[in-house]
Amino acid sequence: MSTAAMPAALFNQSIAELAALLEAKTITSVELMHAVIARTQAVEERVKAFNSYDTDDALAQAAASDARRAAGQARGPLDGIPIGIKDVIAVTGQPLTASSKMLANFVSPYDATVTQKLKKAGAVIWGRLNLDEFAMGSSTENSAFHTTRNPYKLDCVPGGSSGGSAAALAAGEAIATLGSDTGGSIRQPAALCNVVGLKPTYGLVSRYGLIAFASSLDQIGPFTRTVEDAAIALQAIAGHDERDSTSFKVEIPDYRAALKEKKGPWRLGIPKEYFGEGLDPEVAAAVEKAISYYEKLGCEIKNVSLPHTEYGVGVYYIIATAECSSNLSRYDGIRYGHRAADANDIVDLYFKSRAEGFGPEVKRRIILGTYVLSSGYYDAYYLRAQKVRTLIRQDFLNAYNEVDAIITPTTPTPAFKRGAKADPLAMYLCDVYTIGVNLAGLPGISVPCGFSSDGLPIGMQLIGQPFKEADLLAIANAYDSAHDWSKRTPNL
Amino acid sequence: MSVPKDLNIDRIANLARLALTPEEKIKFSAQLADVLTNIEKLKQVDVTGVEPTAHAFPVYNVWADDVATPGLSVEDALLNAPEKRDHMIVVPKVVE
């Protein structure tokens, strides 16, 4: 643990703190980048958060930022800040692997919209971060390359699927990172690694250039050290994009200003279904303590019910696998990706390329998704799941008649040991508190709220109303800015 | 862990164009049976008169103006092709 008296190392500071240092010319972006590179080289062997990184490219971007600043053309709080990117988001000229053998040699010929937006904001695009293959998993153990470790306890998982994004930030190997969240893949690893993770409302952030897993659920979002930093990062990446027809035309407010302007008191809902069987007592206690803090601030705490919660995992694993079986049909060994060497004919080439290129969890989900969509089973599984999805969404909308936001634990337990959940169903149940948010398309944020007796981080989840990220961030910031969990850093 | 009789793994793998080893077939059948048993819970829900949700918010078709815009160069578009020749992707013979 770092001591409060010593100033934090550059690589452990927030975007807001570093932006002030850069603006005052106390430091340069190149100095900051050197500090992050040195930290990465010192700890990465143990953390293994990255699939790859390009120090020359990052230093060149940092030098360009310094040149802009010297010319009086700095672009705002992200200019010169190193931001790591989950290896499912395209960056021109950099590898894009989805942590799959299928794309082991793929180099992206274009930028994702979020990448372009970060570049426009002056950010230094830094490294390709590990994940569960094609974002399918909750521990980053499904990566075809290597398993990322939890920086707070190296024999534990960092969560997933954006485990590399969470672990790199927690370990000081980046100042912020981007991830993607289909059923909890930003919020769950954020909770397990003591960082803030925001999944925006479906449609707020463009998915153009994000490798598709389940298109009606996927959303890109930031990992940051503070809620204020999440507001800064969201500002840069949110907004309508004509290249993503599911991105919404909504007014983008000043999220950072909203943190100060919106003061509450808020009406906060506590859903009993999220505090029942399976919830670790230490997680429950930490979240309840955070709730009592809101009560002290004068917020009204109300019990609410989300009665269809228990069906969330089932609905999710039908809809997400159905969509993935369709999305991943593009990997056929023809235009890009792995091609089997010894195929007899073109159909054999599809079968063998896919068999060799995909790992076991991806295959399982393609099989399940193909099954639930197949003739004779579509109505019983897929159509029924879509109907229950309506009911799950309605539960949230009903609750929002009475409350401004909902508070839950992000995960049932702190980080578990590597290899502890070999059974797929046990792994799927890790996402029980995060899945409903994706099915309903809502914004959700995980905020650090304590540590277990074993020294493992605990996160609480705040769930907001559609496109009301400004309110959600203000509510989250009221807690986060008054606590210093994020100042605790791992002993590496 | 019992495998439902109607989970015909060969048929599904064929639809998915996925070659599975005998070991994978046995393992996946058992694991998917577990997951499907959990999913069976959904049958308890009364969905009479409930509309299905495909997207959390209504999604409408978006029409673009019929105007050419710059795209990838041929070289960039073929950057990741496993085998290429004369600006084309090479595939196994598909006609006799």
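Here come two exercises, each with a worked solution.

This is a predicted model, where local features need pLDDT of at least 70, side-chain atom pairs count only at pLDDT 80 or more, and totals for chains, interfaces and linings use all residues. Residues are numbered from 1 along each chain as its sequence is written, while chains are lettered from A and ligands numbered from 1 in the order in which they are written.

**Exercise 1.** Work out what chain B brings to its contact with chain A.

*Solution.* Start with the head count: chain B puts in 41 residues and chain A 51 residues (in contact means C-beta atoms, placed from the backbone, within 7 Å). Next, look for elements of chain B giving two or more residues: you'll find helix 1 (9–15), helix 2 (22–39) and helix 3 (74–77) (helices are DSSP runs of H or I, at least four residues; strands are E runs, at least two; both are numbered from the N terminus). Helix 2 of chain B gives the most, with eight residues.

**Exercise 2.** Trace the open sheet of chain A.

*Solution.* First, the order: its 11 strands run 1-3-2-4-6-5-10-11-9-7-8, with mixed pairing (strands pair if DSSP finds at least two bridges between them). Now zoom in on strand 2 (residues 82–86) and strand 3 (residues 124–129) of chain A, which pair in the parallel sense over four bridges. Here, P82(A) has V124(A) in strand 3 of chain A as its bridge partner.

Note on methods. Contact = placed C-beta atoms within 7 Å.
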